[in-house]
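Here is a short briefing on one chain. Please read it alongside the sequence and the 3D view.

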Amino acid sequence: MSTKKSMRSIMARITGQHRPGITIRPDYDYVFVSGNGEDAKGQYLRGKLSLFIPEGQNITSVHLKLTSRMWLGDHKVDAEEAVKWQRGESTVHQWEPFTVVDKIGEPFKNGKNFEWPFELFIRGDQEESFKGCTRCSITYLLEAWTVDENSSDSFKTFSPLRIIRTPGFSSYELMDPTTVQGKWSEKAEYNVSIRHRAIALGGLIPIEANLAPLNPVAKITKARFFLREKHDVENKSEAEEPGYEGQRIVTEWPLELGDEPQRRWQQCLHLPIAVRNCSPDFSVCGVSITHSLHFEVTLTNNGVTTEEVSMPIHLFISPELPVNGWGVFVRDHAIAAKEVKSLLAEGISVPPKYCKGDFVVEDYEIPPPAYSEA
């Protein structure tokens, strides 16, 4: 058997024969849905499926499906080897087989190329992709494989897909400015505001802060903003135990201190530009991540004290700076970085430019017509 395989390999090199090849090419390897509940809106996933069949091969069809994988491990266990996992895999959709019979292929060296378009309406209530931490995630894969009438061999490939949820069109409260103001005992008076609560991941947080000591002896020795991420996991077992609650500081922004007794800062805070360093807000399958922006000040007044105030913010993935199936920001090189930052600073901007015709604004009982049916 090994001799025959070796001979076939040698002959393939001499004659230039190739192995069959499948390629999944979605137009975009991310899909935007928006809102929640009755306000949830969906969008189409579209792309092309390609197959190369070498001469002498009898591949009759290609199969394609979209699958979802959920991983949830015990967050309260410290040792990785002791973690108990819940795993779930389901098929979101499987297309009818793409058949080679009666389809004219494009001649290519020692074989033929075949290509089919595919599309699927991703409903607004489809759970979005997420990776809360190393112990919880939902991911999506487009998977394709061949069927050969004369062999059990099957050639396979996959392409990751990210389903992204943006705030709904009616989330006006996320666009309102937020302000906190007050006094820390008799030490200092503060007024802190952000232009809007909805903040695009990888973008900017526009802030304004005013700080005035109330005691001439009090001095401001340090001031900073920092972003706190809170990670919650519900306990869905029958045991009456509290769920997991964790938190971390994602990043911080030290503020410059001048010589004036009163301080005023008006600037934009830059969020991390690596997706793994900061997650968007979400609440899926009992797992959630939320964020709050904190303003912290260190004062000296007969001793050293540290005071802080916080404001809730909502981090989301913007259509102006999407995240692809591999978990990486997709940057449009035709747009300057400054322009992207400017767009992100505006808060919510939906629908994406490339799919304004695909976003479902009205209430449909069924998905709107696909482009091939229009």
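Contact here means heavy atoms within 4.5 Å. This is a predicted model, in which local features need pLDDT of at least 70, side-chain atom pairs count only at pLDDT 80 or more, and totals for chains, interfaces and linings use all residues. Residues are numbered from 1 along each chain as its sequence is written, and side-chain values use heavy atoms, with hydrogens and water left out.

**Confidence**
- Mean pLDDT (the predictor's confidence in each residue, from 0 to 100) is 82 for the chain, and 82% of its residues reach 70 or more.
- Residues 1-5 stay under 50 and have zero contacts beyond four places in sequence.
- Residues 348-374 also stay under 50, but the model gives them 54 contacts beyond four places in sequence.

**Overall make-up**
- The chain has two helices and 21 strands; these are DSSP runs, with helices H or I of at least four residues and strands E of at least two, numbered from the N terminus.
- Of the 374 residues, 46% are buried (under 20% relative accessible area; exposed is over 50%, partly exposed in between; 1.4 Å probe, protein chains only).
- Among contacts between residues at least 6 apart in sequence, 72% join residues at least 24 apart.

**Nonpolar cores**
- A nonpolar core is a set of buried Ala, Val, Leu, Ile, Met, Phe, Trp, Tyr and Cys residues joined through side-chain atoms within 4.5 Å.
- The largest core has 38 residues, of which Trp184, Ile205, Leu211, Phe225, Leu293 and Phe295 touch the most other members.
- Strands that each supply at least two residues of this core include strand 2 (30-34), strand 13 (188-194) and strand 20 (287-300).
- Another core, of 34 residues, lies apart from it, with Leu72, Phe98, Cys136 and Leu142 among them.
- Beyond four places in sequence, Leu211 has contacts including Trp184, Tyr190, Ile220, Trp265 and Phe295.

**Alanine 218**
- Ala218 lies in the loop between strand 15 (204-213) and strand 16 (219-233).
- Ala218 counts as buried because its relative accessibility is 6%.
- The C-alpha atoms of Ala218 and Lys187 are 6.5 Å apart, although 31 residues separate the two along the chain.

**Phenylalanine 158**
- Phe158 sits in strand 11 (residues 156-166).
- Phe158 has a relative accessible area of 47%, so this residue is partly exposed.
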